[in-house]
Amino acid sequence: MIARIWVYLSATPLLWLTATLAAYEAGAWIFGRFGRRPLLNPVLIAVTVLIAVLAATGTPYETYFDGAQFVHFLLGPATVALAVPLFENRAHVRAALLPMLAALLGARGETIASMAPKSVTTPIAMAISEQIGGLPSLTAAFVIATGICGAVIATPLLNLLRLRDYRARGFAAGLAAHGLGTARAFQMDEMAGTFAGIALALNGLATSLLVPALARLMR
Amino acid sequence: MIPALTMLLSCQLAGEMIARLFGLPVPGPVLGMSLLFTLLLARPRSEAVVRDTTATLLRYLSLLFVPAGVGLIRHAGRVRAELAAITVAIVISTAATIAVSALVFAAVARALEKRTR
């Protein structure tokens, strides 16, 4: 009986779509229940649980993605949606143009200085263009790993540095950890989220222009 | 919700088309974001159409990364041997980017404020 139900469920997108939402809800509940510790990041929990379930049931990722792609697809419209907080806070954004530019250049300088380890943290630009419509690749996997890492360490690290400027905090999170950093920033503060969204867009822009140029130089 | 989604998807679609048409290296959704921003500047009233839906989408932004995150499973075998090294590299480089950009941002913002005062 159970085997028959499993045969049915494993062939429809319904199961893994539901599992994705349920795992995230469970992650969010654990995060809230145990004092919002950074390591209990809902995405980290959801991903860990789902990987364990896929491994235990011997389900290929492709089967999982057939269901989960509906969630995945929303990344595109969500990126477009970042225009709204940007619009609402445009006065603050205009006032912070110079600090943003400096931070972007600073982070770029640091990137070039540490090219080898950093080459794994490929930018949102590639992430988005590769992910939409297709299965995420190894590059995307590293982007995600970087994003989860950034979302986990951003708050404790920025507290350690005693930075209270929410614009700076958000911008840094969005720059280092793209959408996941942005998501985390929106949880903290609307202004932080807005600046994270700009950092994400700027980084995508800068990297897509800079990486080909660098690659040409290094050849 | 449907008018808002139509607007978001139209901007994304236009972004994708522009990027392909002109061979731009910028991702379509990012172009779509600038299109929507321009649209809102030109017609501030249209913000009411998208506000609620975009707020909901952005509240659950991190959920949208879960399917791609589960994709890490496909590379588990390849990565296992160097898991520790890769983890350390990712943590250090991410921490460095966060620290450098946040400190530079805050320092420049502070210097600007001092000068305007």
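**View 1. Helices H2 and H3 of chain A, packed together.** In chain A, helix H2 (residues 13–33) packs against helix H3 (residues 42–57) at an angle of about 135°, with the two axes 8 Å apart. This makes H2(A) oblique to H3(A), where angles under 35 degrees are called roughly parallel, over 145 roughly antiparallel, 65 to 115 roughly perpendicular and the rest oblique. Axes here are lines fitted to C-alpha atoms, for helices over the stretch in contact, and angles run from 0 to 180 degrees between N-to-C directions. Helices (H or I, at least four residues) and strands (E, at least two) are DSSP runs, numbered from the N terminus. H2(A) and H3(A) have a right-handed crossing; a crossing is right-handed if the near helix is turned clockwise from the far one by less than a right angle, and left-handed if anticlockwise. On the H2(A) side, the contact includes Ala19(A), Ala23(A), Gly27(A) and Phe31(A), and on the H3(A) side it includes Pro42(A), Ala46(A), Val49(A) and Val53(A). Two residues are in contact if their C-beta atoms, placed from the backbone, lie within 7 Å. By class, the contact of H2(A) with H3(A) has 14 nonpolar, two polar and no charged residues. Here Ala, Val, Leu, Ile, Met, Phe, Trp, Tyr, Cys and Pro count as nonpolar, Asp, Glu, Lys and Arg as charged, and the others, Gly among them, as polar.

Before you move on, please note that this is a predicted model, in which local features need pLDDT of at least 70, side-chain atom pairs count only at pLDDT 80 or more, and totals for chains, interfaces and linings use all residues. Residues are numbered from 1 along each chain as its sequence is written, while chains are lettered from A and ligands numbered from 1 in the order in which they are written.

**View 2. Arg36 of chain A, in a loop.** Arg36(A) sits in the loop between H2 and H3 of chain A. Although Arg36(A) is not a glycine, its phi is positive, at about 50°. Arg36(A) counts as exposed, with 11 C-beta neighbours inside 10 Å. A residue is buried if 20 or more other C-beta atoms lie within 10 Å of its own, exposed if 12 or fewer, and partly exposed in between, with C-beta atoms placed from the backbone.

View 3. Ala154(A) belongs to helix H11 (residues 138–160) of chain A and is buried, with 29 C-beta neighbours inside 10 Å. Leaving aside residues up to four places away in sequence, Ala154(A) touches Ala173(A), Ala177(A), Gly181(A) and Arg184(A), along with Ile98(B) from the other chain. Between the C-alpha atoms of Ala154(A) and Gly174(A), 20 residues apart along the chain, the separation is 9.9 Å. His178(A) is part of helix H12 (residues 166–188) of chain A. His178(A) is buried too, with 31 other C-beta atoms within 10 Å. Its phi is positive, at about 35°, although His178(A) is not a glycine.

**View 4. Helices H1 and H2 of chain B, crossing each other.** H1(B) and H2(B) pack at an angle of about 120°, and their axes are 7 Å apart. That angle makes H1(B) oblique to H2(B). The crossing of H1(B) and H2(B) is right-handed. Among the residues that make the contact are Cys11(B), Gly15(B) and Ile18(B) of H1(B) and Pro29(B), Leu31(B) and Leu35(B) of H2(B). Sorted by class, the contact of H1(B) with H2(B) has eight nonpolar, four polar and one charged.

**View 5. Where chain B touches chain A.** Here 58 residues of chain B are in contact with 87 residues of chain A. Helices H1 (2–21), H2 (28–42), H3 (47–59), H4 (66–70) and H6 (83–116) of chain B each give two or more residues to the side that touches chain A. H6(B) gives the most, with 22 residues. That side of chain B has 44 nonpolar, eleven polar and three charged residues.

**View 6. Arg74 in chain B.** Arg74(B) is found in the loop between H4 and helix H5 (76–80) of chain B. With 18 other C-beta atoms within 10 Å, Arg74(B) is partly exposed. The C-alpha atoms of Arg74(B) and Leu103(B), 29 residues apart along the chain, are separated by 36 Å.
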